[in-house]
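Hi,

Have a look at it in your viewer before you read on.

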Amino acid sequence: MTPALTLTRLLADATAASSLDPDAWTGVLGVARAEQLIGTLAMRLDGLVLPRRVAEVLEDAKATALEGRRQALWEAEMARRALSGVIEPLILLKGTAFAAAGLDAGQGRSIGDLDVLVPRAKLAQVEAALLAHGWVWVKPDPYDDAYYRQWMHELPPLVHPERDRMIDVHHTILPLTARRTPDANQLIANAVPLGSGFATLGHPDMVVHAAVHLFGDGDLSGGLRNLWDIDRLLREFGDEEECFWTELGNCAAEHGAADVVARAVRLADALFRTPVPAGWAGARPTDRMFLRRLLARNGWGQETRPATRLAFYIRSHLLRMPPGMLARHLWIKWRKSAGGKERLQQAPR
Amino acid sequence: MMDATRYRAPQASDLSMVDLDELVAIFHRASGITHLVASPVPELLIALSGRWLTLDGIEQEFELVDGNRAGLASIMDELVAAGLIERRA
Amino acid sequence: MKHVFGVQVGPVTFRIGSAWRKPITQLQALYRDYPKDGGVPDFTVRLAPLRPWRRWIRPAVAIGGDFVIPDAAPLPLDQGLLAAEMGMNLQMALGQRRFLLLHAAAVERDGCAIVLTGESGAGKSTLAALLQGRGWRLMADEFVLLDPMTGLIHPFPRPVSLKNDSIDVVARALPHSEWGPLISDTPKGTIRHLVPQAHAVAGAKSPARPRLLLFPRFCAAPDQRVVGAGEAFVRLTQASTNYVVLGERGFLALTRLVSDVTRVAIDYPDADTAAAMIEGLW
Amino acid sequence: MSDPTDHDQPAQPQRRRALRIGAAGAVAVVSIRPAMAQAYGSVLTCEIPVPDPGQAGSYIDPSGKVVPAGTRGAYAPPGRPLKGEDIRRALASGGNLPGVDYERSRAYLKYVQNLRSGTTGFTCFASLQMPRR
């Protein structure tokens, strides 16, 4: 069994920890760090009797995750204060939302930028309020800027230099150029208030967003963590809400994301043994490619399977734009860059 | 002129303060940020701990010396930017 | 990875993997007297080519590992040992969470420690190396580990990275020392690693109580002044790579440290004067 | 403004304490920020592509801005990324980058100095900053 596969088994079933030898642990921890799942692993194995060295590494990872969570929630609070009077409540997305809502998916999760969703009509006000409260544009690049404003599902990224944290302001959850176009107004109407001035997406929307984020918003690098999010969300909502799976099906269909949601559910089932109703279970032949891609990491934390990764890189661009525009985009990027290959070498964010 | 802007500091349990000679080091638990401050900041944080006060309210508790209302307002602005004080119009 | 080396330095274990044999052979020589380690490591370092063909053609070593930063410059294979050392430093700077990490040197006597901190170029590595010849045990030259639970300094006696002129100065003062290979034409000039004295490596498990916090500066006119606790605190937060990520543990450890120790800035023209000033303060 | 000794006000529980405001414009709070950058400089060498790979081939104008290739009065980018140590030396001494003339060096250095957090090369630039005393 590869270390990446061992990691997924361990996340799904913590009792498997007792069967690992030191070399297996070394590999698992290497993959977990590279896939930004080490904090999650630490929380999953918290309280178990583990080899001393493993316990020490995981203790550090847990402390790191808790500090990261604190900073992420604080950044959300500062954004809330800056936007009070403009946006109330503030809809949080992704990791910050999981942490703020106290969901299982947020346990030990590493959280990067602050992602928020605002109505498209309020973008200008939001932008002005953030700029007035110390945020600045990350880079003034005319091509990227125009591209973002015209086509992307978010403002160009802003950073708060004092706290060195980025904020991504979304007005929908996929690029406007993508063939799938989720209904943004409905996302906002279905938001669930958390109190204290925040909200999250409705639970089915949250899963749909996690799925489109996993497949539609990148080349699946870092995908293992995103798939783990989906597993946790499905388990938690599926347990607690009687009609959850029916609502998820309806919601995915309304957003035109039925296929990606179905695939996310199947992959979560395959890797993390997510309990899935009969209609959602099963495997498709193409799922194998996705599993190969998600597990393309060795025990040194290095990416493996370059051909698979390249295929997904190209695929990610195909998904994001209509072919004509894709050609233009790739042409400009290619002309400007030393070559697209450079990107493949980058670690996931 | 009446200014209704109100200010509030975190609860005392949300701050850890350690005196370092003439300075005070503050660990703000909600943000994880450490701040170094000198008088009058610690006094203000204690006075506003967990309750909303206007600048008038502050002046009812304190006599401003070696400075005026404008100086107080600028200190409050700085504390708001640092996240140590929350402001509500 | 093809070639692997595992080592323990003080309380920290490293696993270093390399696509080439040479850096590993050099590490084995430099760390000859350190405990070898094959267990689950605290940190992994990878030395790999930037592109597959760069393993053979103009081989360039990219520094990788559990923790990486963008913009790190690859080094030529001749400097593979330096790449490995930088990789280990980077893991500590970015990944260390058990100890508050201070960018400083430390020496010990009678169970108590002096922490020497200051900007790069203040001469703290050279001074710490030279104090070895004057009855002090070297605890660290680059990263001082402060245990937040106990307030003790834990040894991290890595080979001392000396640059340019200080290589000869230290070689003359400590004639029987062990050294790594001379690495020339690095971005920082010529670099050579000095192996700490035997009792420093052997004592890598004995922590010490910090007593004196020194801010040394290489300067023609000797001088000293007391540094306020607040100033020392701020300077140490800026000398720490993990102060912020340790959260309240870091805050408590550092406020306690600056409150408990004697804090002095010294200007010293040479090691003898510095040693005499330190004896006076001790 | 209300008179502090106004006896029509309800009696204060105790005398008002003094609050020393201090000189106008003095900094009231210093917030500690992560200091990773300094240590990067001491633990490894880094480099900065000029301009960033997303805009490779574009020119750099004398103010350090990225402009389209061929813009008059602007300079072609350097053939390789600039080395951190070379940038540090040139910034500290006011001298030139190795093998680059004065005007062109100034333009490249201005580009580097304009880098913002989150962009390619910023971490390297931050590590080169002279530490604050």
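Below is what turned up, starting with conventions and then going through contacts, strands and salt bridges.

This is a predicted model, so to speak of local features I kept to pLDDT of at least 70, with side-chain atom pairs counted only at pLDDT 80 or more, while totals for chains, interfaces and linings use all residues. Residues are numbered from 1 along each chain as its sequence is written, chains are lettered from A and ligands numbered from 1 in the order in which they are written, and side-chain values use heavy atoms, with hydrogens and water left out.

**Chain D against chain B**

Chain D brings 17 residues to this contact and chain B brings 29, where contact means heavy atoms within 4.5 Å. The buried area is about 2000 Å², and carbon and sulfur atoms give 56% of it; buried area here is the accessible area (1.4 Å probe) that two parts lose on being put together, summed over both. On the chain D side, D:Arg16, D:Leu19 and D:Ile21 supply 35% of what chain D buries against chain B, more than any other three residues.

The polar side of this interface comes to 13 residue pairs in polar contact, both residues at pLDDT 80 or more. For that term I used a pair of N or O atoms within 3.5 Å; within protein, one must be able to donate a hydrogen and the other to accept it, and residues adjacent in sequence count only if both atoms are side-chain atoms. In chain D, β1 (17–20) and β2 (29–31) are the elements that give two or more residues to the side touching chain B, and β1(D) gives the most, with four residues. Helices (H or I, at least four residues) and strands (E, at least two) are DSSP runs, numbered from the N terminus. That side of chain D divides into ten nonpolar, four polar and three charged residues, with Ala, Val, Leu, Ile, Met, Phe, Trp, Tyr, Cys and Pro counted as nonpolar, Asp, Glu, Lys and Arg as charged, and the others, Gly among them, as polar.

The rule finds one salt bridge across this interface: D:Arg20 with B:Asp66, whose closest N and O atoms are 3.8 Å apart. A salt bridge is a side-chain nitrogen of Lys or Arg within 4 Å of a carboxyl oxygen of Asp or Glu.

**Strands**

The two chains also pair through strands: β4 of chain B (residues 33–37) and β2(D) are antiparallel over three bridges, with B:Leu36 opposite D:Val30. Two strands pair if DSSP finds at least two bridges between them.

Within chain B, three strands make an open antiparallel sheet in the order β5-β1-β7. Both β5 (53–54) and β7 (86–88) stand at the edges with a single partner strand each, so one side of each has no neighbour in the sheet. Three bridges join β1(B), residues 6–8, to β7(B), and B:Arg6 stands opposite B:Arg88 there.

In chain C, strand β16 (residues 262–268) has six of its seven residues buried; buried means under 20% relative accessible area, exposed over 50%, partly exposed in between (1.4 Å probe, protein chains only). Strand β14(C), residues 209–218, pairs with β16(C) in the parallel sense over seven bridges, and C:Phe218 stands opposite C:Tyr268. Strand β15(C), residues 223–226, is antiparallel to β16(C) over four bridges, with C:Gln224 opposite C:Ile266.

**Salt bridges elsewhere**

Over all chains the count is 42. Here are some of them:

- C:Glu279 and C:Arg109 meet at 2.9 Å, N to O. This pair links helix α8 (residues 271–281) to strand β6 (residues 100–109) of chain C, 170 residues apart, and C:Glu279 is partly exposed at 38%.
- D:Arg88 and D:Glu85 have their closest N and O atoms 3.0 Å apart. They are three residues apart in helix α2 (residues 84–93) of chain D, about one helical turn. D:Arg88 is partly exposed at 29%, whereas D:Glu85 is buried at 11%.
- A:Arg52, A:Glu56, A:Asp60, C:Asp42 and C:Arg98 are joined into one network by salt bridges that share partners.

Cheers
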